[in-house]
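Colleague: I would like to learn how to read strands and salt bridges in a model. Can you take me through one?

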Amino acid sequence: MRTPGQQVTVKVTGEQSRVASSFEVVVPPGFDVGAHVHARSEELFYVLDGELDVLAFEPRVRAAGDWRDWESSSGLRTVRARPGTVIVVPPGCPHAFANSTSVPARMFFQSSPPPDHERYFDELLDLLGDGVPDPAAVAALRARHDTEQLTPLRLNATAGIRRGPGRPGTSGEPR
């Protein structure tokens, strides 16, 4: 499944596993999935290539705007995930990822229980197929698939795109 907004390859379906669905996802430059929460789904992200900005904590305030500015009550901030980084997101935990670099990133993604994300990706990629999706349509899709949208999905979030080597504060460790 491939669109200008994202490429998803299904590796394991709910027909093959009672535990989780698994995917390989290519995240293009400028793609921001938007901060969101699942009531029942647990997710695992493993970065294979490239770099992603990642949020996986409850912020002090679930504010509108850029989730990369959020901070937890204990001081956690977003991290720059590089190859080999694993992020586990339990149900109820706000999370997001974005590619703010100039090159695609690739990750292994697992979601439990199956087949929730299989259906979600099918519908999302249909919405992304024609370019910039209608924000209301994405919000409605997410509401149908155990996803509380906190900030919107953006395809061309170019404001944060960086060129070349890493920038200060993005070492993959909390800032």
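Modeller: Start with burial. Buried means under 20% relative accessible area. Note that this model is predicted.

Colleague: Along strand E7, which side chains point to one face and are buried?

Modeller: Ile 87 and Val 89.

Colleague: In which sense do E4 and E7 pair?

Modeller: Antiparallel, over four bridges. E4 covers residues 42-49. Glu 43 stands opposite Val 89 in E7.

Colleague: Now charges. How many salt bridges does a search of the whole structure find?

Modeller: The general idea: side chains of opposite charge can pair when their charged atoms come close. Here the search finds 14.

Colleague: Which residue forms a salt bridge with Arg 154?

Modeller: Asp 32, with the closest N and O atoms 3.1 Å apart. Arg 154 is partly exposed at 35%.

Colleague: Where do Glu 148 and Arg 62 lie?

Modeller: Glu 148 lies in strand E10, Arg 62 in the loop between E5 and E6. Their side chains meet in a salt bridge at 3.7 Å, N to O. Glu 148 is partly exposed at 43%. Arg 62 is partly exposed at 37%.

Colleague: Is Arg 68 buried or exposed?

Modeller: Buried, at 8% relative accessibility. Arg 68 meets Asp 66 in a salt bridge, 3.1 Å from N to O. Salt bridges that share partners join both into one network, whose members include Asp 32 and Arg 154.

How values were computed: Residues numbered from 1 in each chain as written. Predicted model: local features only at pLDDT ≥ 70, side-chain atom pairs only at ≥ 80, totals over all residues. Heavy atoms only, no water. Buried < 20%, exposed > 50% of the residue type's maximum accessible area, 1.4 Å probe, protein only. Helix = DSSP H or I, 4+ residues; strand = E, 2+ residues; numbered from the N terminus. Pairing = 2+ DSSP bridges. Salt bridge = Lys/Arg side-chain N within 4 Å of Asp/Glu carboxyl O.
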